[in-house]
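Hi everyone, thanks for coming.

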Amino acid sequence: MDKILKEEKELKELRKKIFLTGYKGGMAHLASCYSSLEILYAFYIKKALRYDCSNPKWADRDRLILSKGHAGLALYAVMAKAGLLTEEEYDSYLQPGSRIGGEPCLRDSEWVEATTGSLGHGLSMAVGMAMALKADRSPAKVYAVLGDGECEEGTVWEAAMSAAAFQLDNLVAVLDCNRIQKMDFVEKTMGMANWNEKWASFGWDVAEVDGHDVQALENRFRMPNESGMPCLIIAHTVKGKGVSIMEDNPNWHFKLPGKKELKVFREELGISDAELA
Amino acid sequence: MQSAYIGKLMELAEKDRNVFHVLADSGTGYDEMFRRNFPEQIYNFGISEENMVAAAAGMATVGKVPFVFTAGAFLAYRSLEFIRDDICFQNLNVKVAGMGSGLAWSSLGPTHHTTEDVAVLRSIPNLMILSPATPKQTAECVEAAYVHQGPVYIRIGMNHEKEFYEENYRITVGKNEVLRDGGEITVFVTGSILEEADRAAEMLLEEGIRVNLVNVHTIKPFDGENAVRMAQKSRMMFSVEEHNISGGLGSLIAETLADNGIGVKLHRIGLKDVFAVGYGTHKGVRAANGLDAASIYSCIKEKLANEGI
């Protein structure tokens with residue numbers, strides 16, 4: 001129980017930190033960050049991702065590509081908590097001379113595995129990494145975190161097809177399935193998603209998990225691949241998770257709170273006057 | 001050029017098992033031979049060029065040296081954002097080989113023509129652009145691309161192009177090659193259309209008009225010094241390219257002249273901001289678009305007469 005309380009506290013702290021950084025920077029995809037947070041926490045803090053803190057270029061490390069790059073601030077916050085980014089680097093977000101920006105970028109941190117931002121690139125890059133690691137007989141796994149809205153990009157399906165054709169059992173795609181894209185719900189925009197059936201029909205081994213249950217995510221990420229095929233984990237998430245007015249609300253894709261809304265953020269995330277200054 | 005490409009790639013693959021031959025269902029004709037020799041170094045992504053390009057970037061992050069190969073049009077246009085974001089912005093060691101350059105896919109029409117690739121790709125940072133004219137030069141460009149650490153685009157033609165170089169020819173990346181000299185008129189040319197430009201130069205010479213002929217195999221980094229030197233001794237300059245005159249070799253030379261305050265007149269021979277017309281043989285489509293030796297010859301003669309040269 002203590003462990004769960006500790007995690008909950010840490011996750012709330014991270015949400016607060018992401019908010020404060022984004023708010024002070026003047027721009028952030030807060031809702032997307034909050035949707036992906038537990039997924040990234042399970043990888044970096046619970047270490048479902050195998051990496052060596054002292055050697056970012058360890059050849060056999062697992063790779064994580066945040067294909068939905070707009071949740072980059074969440075990735076950087078989690079990396080900072082894991083000690084992969086200094087607090088100074090993290091705090092520089094969008095400030096003059098900043099070291100990090102709104103999307104993960106290879107040149108900004110040696111811990112970023114791929115530059116993303118334009119959707120529909122990450123899974124293809126992950127496919128190439130998985131192929132190269134297989135050729136090297138490396139035990140490393142490659143994880144790509146995708147958005148469900150992102151799956152409207154055609155290249156996602158080119159990548160899905162090739163990953164199955166090449167039987168990349170070292171590749172795991174995590175679908176941050178928050179059901180909302182920039183302008184509206186995914187279902188209203190492009191019809192019924194049926195992700196499980198779609199990916200399974202492409203030959204992927206598909207699993208579903210509560211995307212805010214750290215333990216369930218961690219367990220699933222650590223599960224060995226027995227299918228011999230690439231695996232898709234559908235993580236059911238809530239966009240904007242953690243702040244009531246933002247949750248499950250399409251208006252919040254790329255928005256910071258106004259005066260009234262700020263009050264709710266402050267109450268629910270426990271932000272003091274001093275912290276906001 | 002394609003057989004020269006794959007021949008050199010096999011040489012490299014034998015030396016270095018990190019060299020990968022990466023395809024999108026459009027090969028060189030010798031890919032099964034490559035597969036027999038290096039089964040773990042060849043991957044066909046099927047008809048998905050963007051996925052192939054991005055995956056190649058992923059491979060390069062693990063230390064592989066992927067040479068992606070397909071029709072230039074499907075790389076430069078269809079996969080442009082993937083070349084830009086995944087290969088060039090990340091500055092990864094991927095080689096992009098676009099074949100069927102210019103009008104080489106003559107009978108398939110402009111969807112298959114690669115006549116704006118230089119313009120598009122020249123504007124992307126970190127990308128070296130090589131544009132060989134002959135099979136021998138293609139092999140040299142493949143070697144040079146392998147030696148260069150970073151993104152390279154190689155613009156190659158089809159097969160059986162006329163050879164201008166000796167067996168022991170070696171390329172110097174970033175240096176223009178002056179193939180004909182001693183005149184007051186300079187013609188710059190890039191790619192396999194060198195054959196037509198050379199014949200045009202020969203026709204002019206037969207009439208006593210000596211032109212300098214400069215082959216530009218490296219579009220980027222461009223040998224501006226050579227261009228300036230040639231301009232300083234020229235009364236008029238021409239560029240010949242199987243490409244739109246906007247943004248290609250001609251534009252590159254015009255930029256160089258302007259940057260250096262050189263006022264010599266330049267006439268750009270190429271597609272005049274149009275899609276090519278006609279179908280049939282490569283030679284025939286070149287002629288239909290004013291890009292065969294006879295058309296180049298007539299154009300140069302006419303422009304010189306207009307200028308009173």
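I'll go through the sheet in chain B and then the one in chain A. Please keep in mind that this is a predicted model.

So, chain B. Here 7 strands make an open sheet, and the order is β2-β1-β3-β4-β6-β5-β10, with mixed pairing. At the edges you'll find β2, residues 42-44, and β10, residues 218-220, each pairing on one side only. From one strand to the next, the twist averages 20°.

Let's step inside that sheet. Across β1 and β3 of chain B lies helix α3, residues 49-61, at about 170° to β3(B).

Now over to chain A. This open sheet has 5 strands in the order β1-β2-β3-β5-β4, and the pairing is parallel. Which strands stand at the edges here? They are β1 (63-66) and β4 (205-210) of chain A; each has a single partner strand, so one side of each has no neighbour in the sheet. Neighbouring strands are turned by 20° against each other on average, direction ignored.

Within this sheet, β2 (142-147) and β3 (171-177) of chain A are a parallel pair with 6 bridges, and Tyr143(A) sits opposite Val172(A) in β3(A). Finally, helix α9 of chain A, residues 214-222, lies across β4 and β5 (231-236) of chain A, at about 160° to β4(A).

Thanks, and I'm happy to take questions!

Notes:
Residues numbered from 1 in each chain as written. Chains lettered and ligands numbered in written order. Predicted model: local features only at pLDDT ≥ 70, side-chain atom pairs only at ≥ 80, totals over all residues. Pairing = 2+ DSSP bridges. Helix = DSSP H or I, 4+ residues; strand = E, 2+ residues; numbered from the N terminus. Axes fitted to C-alpha atoms, helices over the stretch in contact; angles between N-to-C directions. Contact = placed C-beta atoms within 7 Å.
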